[in-house]
There are 2 protein chains.
Amino acid sequence: MRLSEFGRSIRLGGVTVHELQKVIELDSSASRPSHDDTSTSVPCEAIKPIERQMVIIVPCKNEPIHVIEGVLSGIPSGCLIVLVSNSDRDPEDLYEQEVQALRDFCATAHRPALAIHQRDPGVAAAFSAAGMPHIVDKVDGLVYNGKGEAMLMGMSLAALTGRRFVGFVDADNYVPGSVHEYCRVYAAGLHLATSCGSRLASEEAMVRISWASKPKLRDGKIRFDRRGRCSRITNEWFNKFLAYNVGYSSSAPGIIATGNAGEHAMTIGLGLKLRFARGYAVEPFQFVDMFERFGGNSDRRSGRISRTVSNGGGSQVRVLQIETRNPHFHDDKGEEHVQKMWTQALDVLYHSSLTPRSLRDAMGQFMVEHGALKPGQEPARERVYPPVGTLDFATLYQTLCEKAKTFQVVEN
Amino acid sequence: MRLSEFGRSIRLGGVTVHELQKVIELDSSASRPSHDDTSTSVPCEAIKPIERQMVIIVPCKNEPIHVIEGVLSGIPSGCLIVLVSNSDRDPEDLYEQEVQALRDFCATAHRPALAIHQRDPGVAAAFSAAGMPHIVDKVDGLVYNGKGEAMLMGMSLAALTGRRFVGFVDADNYVPGSVHEYCRVYAAGLHLATSCGSRLASEEAMVRISWASKPKLRDGKIRFDRRGRCSRITNEWFNKFLAYNVGYSSSAPGIIATGNAGEHAMTIGLGLKLRFARGYAVEPFQFVDMFERFGGNSDRRSGRISRTVSNGGGSQVRVLQIETRNPHFHDDKGEEHVQKMWTQALDVLYHSSLTPRSLRDAMGQFMVEHGALKPGQEPARERVYPPVGTLDFATLYQTLCEKAKTFQVVEN
């Protein structure tokens, strides 16, 4: 894979966020990583070892089986697949169908995999026993519905495998080739950010994906929009936040292009430290949490920040943002979904300890003007869970095996 | 890349056509080719050497530059790109824009490439001088418009490079990942069909692609149809043709699934022997020409064929048909285009020396019933050119360099 060269970056304490890079070629002919003024090449030989250390979490919810099969076919063969399903089990047991499709695929491809259902009472029992009752809804005694919760479950299973990296891929993707590109981008980015030989070598790293375009239906034709409205709103506010915190003038062009990135990957070391937020707040909250946790110990900071939650033990985190070549072709979930996504992003940004009063006021006003908040109300405090690293993993695994009937280990 | 196992095959003299195989995984973790009862794995290590011997021809005509750039990004880095353009040069010189995009891409990716324009007077002069005046329209003295002609030009340039394989990729493809998959399928298939270590080792080979699905707009929603109407019609008649010639009962299930395959690749050795037909007849005519040329020397033949044009010197040709994972997402050129495509396919099949009278009558009736032919008329005889191998390549190259102003050699 060939990526455009690293451009500017912004640093907030231990967190370095790089400007958006682009995929130039989906593969690369070089046999060793190389770079020049305009691009960096990460060969197959560097990507494969990362993939063999990577877990790919696929949160799914009622997607057609053939779409899920396509997604599976695009996940590089070295990666371990973890299906976290919240699909209906009644009147038809869609989860059973998903597991069967996963088993069939893995049997043919000689791959292992894991699968689990979000609303399995045994899963709730296991997380409670392992020290995270927070994720269990007291009303029904099951893990809360929501994407953030599915990701937290996936991250916990990923940690159990002993692998080093974890990535997330949505199940409603109609183009297997784009799933493949995401995973390769994860591996190429994580290689660049963590390998000893790299100029960027960092202990912990995250790779967040920006889509080249998102096909939409308009006037009966397929159009390829470059940016979704949700991304524009989320990124704009994140960049204002960052401009304030590092002291740039507010007219400085924005570095953050992936505030809502559903497709992202990271070192499991980082994943264990981060807190996961509920629902669609999960991805933007990763940025907030990284800045709060690791952003507080820099001599380059402007001093305007007074309440740093924790310096995360001085960890250095590098965030790469990469624009893929493939369009992101998925189900259109409608306007309401779009508003919900940026609202939850703004909720978590609003409540960050690093967000100044003036920015909060502006955000609140924006949300009211755009129908996301009633006048006089405060943005919601999204539920945030303790870091996955606080779990008692031995208890988690044991309880899952004993009580979670949906927990499937596919061996091949 | 992992493919489903080879199923049935049908043999007509020296030509063996394999049943459709499917892509199971876009990559493969194995480090050596391997197969079991259900699948065959072709690793990166086997694919790369084929790619380094492969020329990819991209015929283009007025596609948006960003779409062409996407296609380029998906062509594996080992492959040599040859752009054969028939884009407008007036009022805007789109070809110049294409060449600039190609140069920019190649400079960043450190790749060589070739480009040429179909309607360059110097190209017509070169083909005439090299022994193929047939491709030049006497009316304007330029190479005929049409996809077949673009492909013939591309094949001729491919032959000049000294590489061993050639593949074709349409320029109107919106999904770079699917372009990448096509090229990988070509390489995996050509590896399986021609490598000494393979069970299938054959001197010459062709890989033809069938799309998993073709997204269409219907009732304002995107639907993924499994088969286009054009393919259904073309393949049905090809299978009747084959059933007759190998003596199966006409109810035998059809082997041919790629009669109209625009996406295909072959050994250049085969490409030099085949004749190219004009326009959209080019792809179906490849099957007809292979059967006529190499299908005449088998002891398993039913004896019903009396007029074999040539046995092609006893060549063994293996045709693999492979269904990709990615949907084929391109411009909808409308109903008229679809009818033109299957009409030209049926034209060449109708006039094959291997097509019996009874099948011709049935085809003629079908074409009349579906508005592709007026009652009492005979299907058109599509223009067919001599094999590319008959060209005087030294003269072709010399004349191109001297006279074809659009002929661009991009070196990096």
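For my residue classes, Ala, Val, Leu, Ile, Met, Phe, Trp, Tyr, Cys and Pro count as nonpolar, Asp, Glu, Lys and Arg as charged, and the others, Gly among them, as polar.

**Ground rules.** I am working on a predicted model, where local features need pLDDT of at least 70 and side-chain atom pairs count only at pLDDT 80 or more, while totals for chains, interfaces and linings use all residues. Residues are numbered from 1 along each chain as its sequence is written, chains are lettered from A and ligands numbered from 1 in the order in which they are written, and side-chain values use heavy atoms, with hydrogens and water left out.

**Cavities.** A cavity here is a set of points on a 1 Å grid over the protein atoms alone where a 1.4 Å probe fits but cannot get out, and lining residues have an atom within 4 Å of a point. Grid points are joined across faces, edges and corners, and a volume is the space filled by probe spheres set on the points. I found 7 cavities of 30 Å³ or more. The largest cavity comes to about 100 Å³. Its lining has 13 residues, and the closest to the centre are Leu26(A), Gly177(A), His180(A), Gly177(B) and His180(B). By class I get 4 nonpolar, 5 polar and 4 charged residues in that lining. Helix H6 (176-194) of chain A and helix H6 (176-194) of chain B each supply at least two of the lining residues. My helices (H or I, at least four residues) and strands (E, at least two) are DSSP runs, numbered from the N terminus.

**Symmetry.** Next I superposed the copies by least squares on the C-alpha atoms of residues with pLDDT of at least 70 in both. Chain A goes onto chain B by a rotation of 180° with 0.0 Å of shift along the axis, at RMSD 0.0 Å. The two copies are therefore related as by a two-fold rotation axis. Gly177(A) has the C-alpha nearest the axis in chain A, at 2.2 Å. With contact meaning heavy atoms within 4.5 Å, 100% of the contact residues of chain A recur in chain B, and the same surface serves both copies.

I then checked omega and phi. Most residues other than glycine have a negative phi, and most peptide bonds are trans. The bond from Asp90(A) to Pro91(A) is cis, with omega near 5°. Pro91(A) sits in the loop between strand S8 (80-85) and helix H3 (94-109) of chain A. In chain B, Asp90(B) and Pro91(B) are joined by a cis bond with omega about 0°.

His110(A) has a positive phi of about 55° and is not a glycine. I place His110(A) in the loop between H3 and strand S9 (113-117) of chain A. For accessibility, buried means under 20% relative accessible area, exposed over 50%, partly exposed in between (1.4 Å probe, protein chains only). At 43%, His110(A) is partly exposed. His110(B) also has a positive phi, near 55°, and is partly exposed at 44%.

**Inside chain A.** Since 13 of the 13 residues of H9(A) are buried, the helix is largely enclosed by the rest of the structure.

Last, I looked up Val123(A), which lies in helix H4 (121-129). Val123(A) is buried at 0% relative accessibility. Leaving out residues up to four places away in sequence, its contacts include Ile116(A), Met153(A) and Leu400(A).

Conventions: On a 1 Å grid over the protein atoms alone, a cavity is a set of points where a 1.4 Å probe fits but cannot get out, and a pocket is an open set with protein on both sides within 12 Å along at least five of seven lines; lining residues have an atom within 4 Å of a point.
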